[in-house]
Amino acid sequence: MNVAKSGYRVFSANSSAACTELAKKITDLCKMTFSSLYIETRVDVKESVRGQTIFIIQTIPRDVNTAIMELLIMAYALKTSCAKNIIGVIPYFPYSKQCKMRKRGSIVCKLLASMLAKAGLTHIITMDLHQKEIQGFFSFPVDNLRASPFLIQYIQEEIPDYRNAIIVAKSPAAAKRAQSYAERLRLGLAVIHGEAQCAESDMADGRHSPPCVRNTTGHTGLELPIMMAKEKPPITVVGDVGGRIAIIVDDIIDDVGDFVAAAEILKERGAYKIYIMATHGLLSADAPRLIEESAIDVVVVTNTVPHEVQKLQCPKIKTVDVSMILAEAIRRIHNGESMAYLFRNITVDD
């Protein structure tokens, strides 16, 4: 096991080959080497980490729960070996969409934050949390880095005639993020609004089923105002996309149904090329096939989540490397330098 001259170590989890590759890129930029802890039936830290700062790099593959368990075991093994600080580098934080109470559901993101703290983590470096309020779930510092500078750089360097583009929010909820991109690129903004597939929060869970009929002779209850059902207007595009390059921006692209529907609407409104820009490319289920058969021209995601198989299935998927900002965050945290430099020119809504 190799030790950096400055006295800190970088460990890579073994959840996927992409995790090891990302760790190698980060450590090359930090001019050091990394080590691995192989998780099978037991974990042994073969050399002393007493009093040292340890960084654990863990990307989240399709087998999410195995990766989480691996991270917890690694953190606890280092904690019991008397490491001074254990910092998790988790570019995509799992279960981040489950950060709100949805009817009878649970806030899984809060549970995961508590588990990481209990296992021994003292700090987390992540990127583009689904909701920034998630940072409040943790009892230790969280650095929520942004991928937007890398995606904006891709737009400027890889999209010909990007000055003729328009930034599109696929729903009103994504308008603030889209506005942040549009202002920095000096481009126009369009918002898709109207009827779409049912959101996860609107799915029936039995709450609206009729109550059991009971024969009661006592109080019959109070008459509450009638709850009016939501009714979305016909789908419309607020903004002119005719003859323009449409760039849809979001933080996560997983189930691509909404993106495919948005691309079809934009094509109908006259957009001649459609790009999707997202930080985390989960691309689960039949996403590669749906993208390949859709009106979408290019999907650009970062390497926060392994997606090599999806790229082989769909050549439209492109990857932007964000290892540079992760390496710089590691260096600054270890040296006690300010992290403000990594957030320059980035708005709160980004």
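**Salt bridges and cores**

Modeller: Glutamate 21 has a relative accessibility of 43%, so this residue counts as partly exposed; please keep in mind that the model is a predicted one.

Biologist: Which side chain does glutamate 21 meet in a salt bridge?
Modeller: Its partner is lysine 25, at 3.8 Å from N to O, and both residues lie in helix α1 (residues 17–30), four residues apart, which is about one turn of the helix. Lysine 25 is partly exposed as well, at 30% relative accessibility.

Biologist: And arginine 332, buried or exposed?
Modeller: Arginine 332 is buried, because its relative accessible area of 12% falls under the 20% cut-off. Glu328, Arg331, Arg332 and Glu337 are linked in a salt-bridge network.

Biologist: Switching topic, how many residues are in the largest nonpolar core?
Modeller: That core holds 87 residues, and those with the most contacts inside it are Leu116, Ile125 and Ile247. Helix α2 (residues 64–80) gives the largest share, eight residues.

Biologist: Where does this core lie relative to the domains?
Modeller: It lies between domain 1 (9–145) and domain 2 (148–196 + 233–320), because both give residues to it.

Biologist: Last one: which strand does β1 pair with?
Modeller: Strand β1 (residues 8–12) has five of its five residues buried, and five bridges join it to strand β3 (residues 53–57), the two running parallel, with arginine 9 opposite isoleucine 54.

Notes:
Residues numbered from 1 in each chain as written. Predicted model: local features only at pLDDT ≥ 70, side-chain atom pairs only at ≥ 80, totals over all residues. Heavy atoms only, no water. Core = buried A, V, L, I, M, F, W, Y, C linked by side-chain atoms within 4.5 Å. Buried < 20%, exposed > 50% of the residue type's maximum accessible area, 1.4 Å probe, protein only. Domains from an automatic or database assignment. Pairing = 2+ DSSP bridges. Salt bridge = Lys/Arg side-chain N within 4 Å of Asp/Glu carboxyl O.
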